[in-house]
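The following report describes a sheet with its packed helix, and then the surroundings of a single residue.

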Amino acid sequence: MASRSGKLWRHDSAGFILVDALDGHLPGTVSNLFVDHAGALWITTLEGNILRQSDKGWVVYGREAGLVRENLVGLVEARDHDIWASSARGIIKITRQSLDAVASGTQARLSVQVFDRREGMKSATCRGGFQNMALCDSAGVLWFATLKGLVRIDPQQVQVSTVVPQVHIEHVRAGDEHLPWPDDRNQAVMVPAGTQRVNIRYSGISLGYGEDINYEYRLDGVDTGWVHAGVEPVARLPDLRPGVYKFHVRAVNREGVPTPETSVVIDVTPFYWQAWWFKALVLAILIIGAGGLVGFAVRWHDNRERERLHQAKMLSEERAHSARVRDEMEAAASSNRAKSEFLATMSHEIRTPLNGVIGSADMLLDMALNSEQREHLTTLRASAESLLAVLNDILDFSKIEAGHIHIESLEFDLTQPLRDVLEVLVPRATAKGIELVLLVPLEVPLLVRGDPDRLRQILLNLVGNAVKFTESGQVVLGVTVIPNATNQAENSVKLRFSVTDTGVGIGPEVQARLFERFTQADTSTTRKYGGTGLGLAICKRLVELMNGTISVRSVPGKGSVFSFELEMEMEALPPYGGPLRPEQVMVLDDTAAAAESAVAMFTRCGYLAQFTDVPSKVIRWLHEVSVYSHDTCFLLLDESVALSSDQRHVIGAAVRAGKLRVILAALRSNRDISSDDFVVHAVLRKPILDPDLLLAALANNKPKPVTVDLTPAAPTVLPVDSTWGRVLVVDDDSINRLVISKQLEQLGCQVDLASDGAESVAMARLHGYRIIFMDCRMPVMDGHMATREIKRALRDAPPIVAITANTTLEDRERCTAAGMVDFISKPVRKPELLRVLIKWLGDRRSDSDLV
């Protein structure tokens, strides 16, 4: 039997067996099976072959036997035992007599007749399929399925045509020039010397075959057999050597029957140097000069031998050099592998203690704290996150070199990463007496789409460098809007981020190579400032990955300005819900950038504000307020501004009269500024980053001597489901186990602990945990093996989540391959734990028998 795919199968006591060959003949793609009147099996193939079973074995009829059509799809036997085949180009009749003669070897070609549209068929393409699409009815009439209906053929009424086309040679050309025929057609046509191509045109005379006439030709002395020319009536004979040739041509009808051949003789005349006498002359000259050439040949052979020896030496040296290069490449690859392993180990070893630091800080920040405690803890967490950022920088640079870095596209508040960066660097700047300023003008959109983490990473490097290389003065982090370009999208904005400092500056010779990796302005071994020179290279690559540009302007001794430009999508924000509040605000600060930043924040909070650096202007403003305004006014006073006794007296009178509230801006929020002249309502640490703290200071209407408890609102409480049930935490580090278990308990989970993979497998078999948090690198049994063991031991295993300090793509793929369903990188955050609980437990709440 034949399958739908054209494979041939036979069935015996062993079952169905695929037939690869029949007596050494490859069946090809079988299209149909047929059994004739004598019980012999016939096979048709899409390659255009017919296979016949006989007493002596299998016989194959193909193109060499005269089958001129391809894609045989059906077979049927007429009453006179002739075989009829259907194909993709018509219906073929093959006489039984010729089939037997070819099978016995007494005849080389089959006697075939082709029927197509010339005989009235609407379509010459016959249908094929799993069933035979050709049959013989009881009356001996043959039926065939075509693309345009059935074809009915009565074999008794079919007449065999014996007409074959006649071939006539029209003319012979040398290139484009006609060559004259001799008077006697049996004589040769003379072809001039140097002819590059001889064209012979011929034609077949037949009104019954039309375009189905094919031609074959043969050139004696050149072609060993007949060359199939198709329907082309021209034979092109290029580059014929001088001599006499006989050209034969014949036509082949659509049944493959050739006509008697027609021939012509052509004589290609030689040039004089191709004549026999010229060759004889050359031979004589060669013989005469042979003696002289022998000496030359000997010398040439000696030179050639010396050259061969030299080349052998060079080849040996090249092979030695290639071996050294290969060894160096293997050493470099080994070094790269060692570097990757070192980075992975370093990541794990640093992230593990950071998990305890950041996790503990997060839990403490969820407790009731005063403002100073919260400030210190916030700084502690920010510093730990800064260390984590340094680690990520190193890993990111490795990813950048390998081309594995990925840029996110997220919606975020533009000021958040800027505030985070300054918050991290405030302690360092305060210790050096440097003022940090965040300047975000009102025209800058606050809600954008981009990669906040990469933006934070770039700014942390740039602002950190500015603080490190500045001994006094200020560091300003600013954002400005660049006017729209012609090719800029409608909903996008181009922003310039700049970091301006009053530090040591950079010379022109260093600026040209400053963004290269491991480059520093001071390269001496006794340099004052540390660092590896890697941060700016990372910044440049990250900015370029976000389709931006980065640059530097600096004057030695006068500071530097690092800036980069990024195009970001703007997200629509609802307009401010009303006019600005009528309260008047005056900012007194001797630093213009800090004063401008404060005015912008007041405006975004809904208050009209102005600024000055002259105390006398504040006194005039107070007089105007007392006369024309009945509202309470606010004075944001910078601690560095010196006030005279008279000025302090006027300010104090306004405070006692209830017309003025004073808010002090200082580098330290606990600075003692006690004065007999006036008291302040609040002290805000510079830079002022949090609008909530500013609003809380404005709302404080009770004068207090120095400090005001401006503890911000309690941190956002994450939704807690007390029915998460029993979970298992597996980690070999006791601090990590403690931190993660406390975080899960705060989320409402009942937590069990295991210190290695083997212990986790045993506990998973004893208890029905709803979810397992599995560390990957542990002694005894690592997390990947433990996951496989749990999956193998438990039919309904709980979801297993990887908690690991290894954060590369390969690590994630290893976790997935082991059967882990999710991935949490260290340090672990409570929102990440909550996300995993909601995702994998969802509405599956714990049952009483699991708790």
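In strand β8, W84 is the bridge partner of V76. Strands here are DSSP runs (E, at least two residues), helices likewise (H or I, at least four), numbered from the N terminus. The model is predicted: local features need pLDDT of at least 70 and side-chain atom pairs pLDDT 80 or more, whereas totals for chains, interfaces and linings use all residues. Residues are numbered from 1 along each chain as its sequence is written, and side-chain values use heavy atoms, without hydrogens and water.

Five bridges connect β7 with β8 (residues 83–87) in an antiparallel arrangement; strands count as paired if DSSP finds at least two bridges between them. The open antiparallel sheet has four strands, ordered β7-β8-β9-β10. Because β7 (72–77) and β10 (112–115) are edge strands with a single partner each, one side of each lacks a neighbour in the sheet. On average, neighbouring strands are turned by 20° against each other, direction ignored. Helix α1 (residues 96–104) packs on this sheet and touches β7, β8 and β9 (90–94), its direction making about 70° with that of β9. Axes are lines fitted to C-alpha atoms, for helices over the stretch in contact, with angles from 0 to 180 degrees between N-to-C directions; contact means heavy atoms within 4.5 Å.

D413 lies in strand β23 (residues 410–413). Its relative accessible area of 32% makes D413 partly exposed, that is, between buried (under 20%) and exposed (over 50%), with a 1.4 Å probe and protein chains only. Beyond neighbours within four places in sequence, D413 contacts L446 and L447.

| Pair | Distance |
|---|---|
| D413 and L447 | 4.8 Å, C-alpha to C-alpha |
| D413 and T415 | 3.1 Å, side-chain polar contact |

A polar contact is a pair of N or O atoms within 3.5 Å; within protein, one must be able to donate a hydrogen and the other to accept it, and residues adjacent in sequence count only if both atoms are side-chain atoms.
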